[in-house]
Amino acid sequence: MSARDRILAKLRQNAPSTANALPDVATWFATHRPVESMTDKAKRFHHVIELAHAEVHAVNADTWTGKLHEVLKARGIEKLLVAEGTPHGDAALDDLPPRGIDCSVYEMAIEAWQSELFDDTPASLTAARAAIAETGTLILWPDALEPRLMSLVPPVHVVLLDASNIHNTFYEAMTAEGWSSGLPTNALLISGPSKTADIQQTLAYGAHGPKELIVLMLGAPEGAAQ
Amino acid sequence: MSEHTLHFKPTEGFRTRSKAVVDNPVLRQSFRGAMDFLMSKRAAQFPDDEELQSLRSLGEAIRQYNLAKLPDLLLQLESQLTANGIQVHWAETPDEANTIILGICQRHSAKLMVKGKSMVSEEIELNHAAEAAGIGALESDMGEYIVQLAGEKPSHIIMPAIHKTKEEIARLFADKVDGVDYTDNVDALIQIGRNVLREKFQEAAIGLSGVNFAVAETGTLCLVENEGNGRMCTTVPPIHIAITGIEKIVEKLEHVPPLLSLLTRSATGQNISTYFNMISSPRKPGEKDGPEEVHLVLLDNGRSQAYADEQLRKTLQCIRCGACMNHCPVYTRIGGHAYGTTYPGPIGKIVSPHMLGLEATASMATASSLCGACGEVCPVKIPIPELLMRLREEAFSEPHAKPAMRGQGAGYSPLISAIWRAWATVYRSPALYRLVSWLGSRFGGLLPSRQGAWTSVRVPLRPAPKRLRDMLKERG
């Protein structure tokens with residue numbers, strides 16, 4: 001008998017004979033979490049993620065590359081990793097190089113350029129698929145065009161978020177988007193820059209991942225970005 | 001990393017280790033300060049008691065629902081993960097788990113494994129097994145990195161280096177990390193760790209991680225962290241091996257949000273961790289990063305013993321938040337190392353006997369005042385004080401033929417049991433009680449002035465010269 005069979009046999013021998021009722025997660029969220037307007041969700045998201053040390057800027061479809069240029073210049077960053085083939089990546093590729101920002105792309109598998117990503121990529125731009133107001137959380141589903149390490153390795157991570165994609169809660173996000181029918185290779189919730197309090201409970205940012213997280217919020221309703 | 005092999009010691013030596021901490025003002029201050037900090041952070045996350053209590057009830061219901069279906073869910077998880085391309089392994093014992101993990105390393109001729117924070121990997125003492133097999137195992141969580149550099153073990157399941165001051169860490173880095181001068185600036189220390197470990201993430205062939213929740217319906221491994229080292233370990237090296245206890249499974253993805261909220265708010269007082277990393281497959285064709293192979297090792301190591309008993313099964317509800325130790329007056333005074341087990345504090349006392357047997361852990365459950373704080377803060381309502389009582393019973397009752405636990409009766413002493421039986425007889429009979437209390441009031445002075453552990457820090461116990469009943473009689 002294999003370890004698998006022995007473990008399962010032991011568990012089966014002593015498993016309770018009756019099943020418990022399925023826990024009612026939906027009712028708990030319906031009675032304990034507000035359902036807010038788009039403006040209020042945007043406000044809440046903005047407030048909570050700022051508490052976690054992220055920076056948020058309200059932008060619109062015409063101005064966001066300008067704001068991106070501004071935040072990079074303010075940090076003296078002249079190179080940005082973008083996802084070619086995505087609408088936002090292509091927009092950055094069009095707009096930024098003429099303004100003095102060199103845009104690199106994730107065109108090869110990581111093995112071919114790992115040291116460049118780690119040592120010579122000061123910033124990246126990705127989109128967020130959606131966000132969560134309650135916890136000030138960005139939802140990213142990395143894919144072939146916008147790989148996983150883009151949101152992890154560069155010290156400055158800029159995220160473009162459409163304010164109309166903000167959910168009230170994590171529960172609402174996964175049910176509204178039907179996640180239980182299939183998840184990608186890697187789905188991520190990101191709620192601020194990398195941090196640690198492992199040395200004497202003193203908070204320090206930039207532990208292993210990005211030191212700065214900057215959110216460009218597209219179409220934020222009036223007043224949501226204050 | 002360490003020059004000598006350290007092993008988690010069972011309760012032998014518990015008193016000596018506890019006394020050493022109680023006598024050390026620096027360590028006591030470290031633990032007191034850290035526990036006060038964590039308790040106030042947690043309290044700030046739960047301003048509304050109704051919300052907290054209803055969420056705890058939901059968390060408890062979710063954990064119990066899933067435990068009731070555990071064998072079926074393990075099979076569902078296995079088939080879903082396999083369909084997703086993740087390889088599933090089963091281990092009954094720590095040795096089997098190490099053999100599986102090191103076997104994968106050897107197949108890939110791996111020299112270095114970088115590790116995200118995993119208490120189960122501590123439970124199986126993977127680092128020592130890897131070292132013995134000539135494979136480097138490097139901790140990458142900042143706290144774990146610090147304790148590994150120091151040749152120590154984590155003293156807390158969430159904050160491994162909680163016993164160390166920043167000055168101690170500064171000296172450690174200056175001594176052990178090449179080219180580093182002494183600095184006790186926390187930002188600078190973290191940058192030192194970041195730079196060292198970023199090299200190692202790129203060099204390692206294997207990334208090892210734990211699992212916070214394994215979702216059966218989607219075949220997803222969920223990881224909670226703040227630093228990003230967990231994401232590094234599960235994304236940069238070509239092979240990712242995850243290890244988890246068999247109990248950390250939920251059937252439905254929708255079970256995750258309530259448990260995640262309870263976990264991060266109870267553990268560190270955060271409304272959510274910086275990263276919540278959900279992994280459902282290795283790198284797919286066309287994807288440009290992520291490991292080519294993902295493995296999951298499912299470890300029993302005594303969990304099936306706890307599962308077999310309706311009351312003890314509640315031990316497996318645990319989501320490893322550490323709130324019980326943060327609120328424990330014993331843990332706060334003696335710290336994590338005194339327990340000598342992988343898991344310290346109240347959760348350690350109820351889970352370790354299943355892993356190590358009561359022979360090695362008989363007295364653990366007695367290191368409690370039964371104040372009940374652990375049970376009150378537990379986010380999934382594990383009745384920890386009740387379980388401590390049960391474990392005392394299991395450890396100290398006369399060995400019998402059908403024990404619920406390995407090592408039942410290991411602490412049994414015929415003399416002590418006889419004394420308690422006599423005590424019970426006296427207290428059940430009014431006449432005997434009168435006689436014995438009269439003898440006590442007359443001859444109590446004959447009791448020795450040294451009464452074992454009691455008089456090491458207290459005045460001797462002496463019956464009063466007059467009984468209450470005598471005093472009442474005098475007053476008429």
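**What covers a helix, and what lies beyond**

Mentor: The buried residues of α1(A) are covered by elements that include α4 (70-84), β1 (86-91) and α13 (303-307) of chain B, where contact is taken as C-beta atoms, placed from the backbone, within 7 Å of each other. The model is predicted, so local features need pLDDT of at least 70 and side-chain atom pairs pLDDT 80 or more, while totals for chains, interfaces and linings use all residues. Residues are numbered from 1 along each chain as its sequence is written, with chains lettered from A and ligands numbered from 1 in the order written. Helices (H or I, at least four residues) and strands (E, at least two) are DSSP runs numbered from the N terminus.

Helix α1 of chain A runs over residues 3-14, and its 12 residues reach 17 Å from the first C-alpha to the last. Within α1(A), the buried residues are I7(A), L8(A) and L11(A), buried meaning 20 or more other C-beta atoms within 10 Å of a residue's own, exposed 12 or fewer, and partly exposed in between. Because the buried residues of α1(A) fall within an arc of 95° when seen down its axis, they line one face of the helix; the arc is that of the directions from the helix axis to the C-beta atoms. The face of α1(A) turned away from that buried side carries D5(A) and Q13(A), both exposed.

Chain A as a whole has 7 helices and 12 strands, and its C-alpha trace spans about 70 × 45 × 40 Å along its principal axes. Of its 226 residues, 48% count as buried. Among the contacts of chain A between residues at least 6 apart in sequence, 74% join residues at least 24 apart.

Apart from its neighbours within four places in sequence, N277(B) contacts L188(A) of chain A and, in chain B, L223(B), G230(B), R231(B) and T234(B). The C-alpha atom of N277(B) is separated by 9.5 Å from that of G228(B), although the two residues are 49 apart along the chain.

Elsewhere in chain B, strand β7 (residues 239-245) is largely enclosed by the rest of the structure, because 7 of its 7 residues are buried. In a regular strand, side chains alternate between the two faces of the sheet. From β7(B), I239(B), I241(B), I243(B) and G245(B) point one way, H240(B), A242(B) and T244(B) point the other way, and all are buried. Strand β4 (residues 206-209) of chain B pairs with β7(B) in the parallel sense over 4 bridges, with G207(B) partnered by H240(B). Strand β10 (residues 293-299) of chain B also pairs with β7(B) in the parallel sense, over 7 bridges, and I243(B) stands opposite V297(B) of β10(B).

Helix α2 of chain B (residues 25-45) has 21 residues and reaches 30 Å from its first C-alpha to its last. Its buried residues are L27(B), S30(B), F31(B), A34(B), M35(B), L38(B) and R42(B). Because these cover an arc of only 110° around the axis, they are on the same side of α2(B). The face of α2(B) turned away from its buried side carries exposed residues, among them P25(B), Q29(B), R32(B) and S40(B). The cover over the buried residues of α2(B) includes α1 (14-22), α12 (256-267), α14 (323-326) and α15 (329-334) of chain B.

Technical notes: The expected span of a helix is 1.5 Å times one less than its number of residues. Two residues are in contact if their C-beta atoms, placed from the backbone, lie within 7 Å. Two strands pair if DSSP finds at least two bridges between them.
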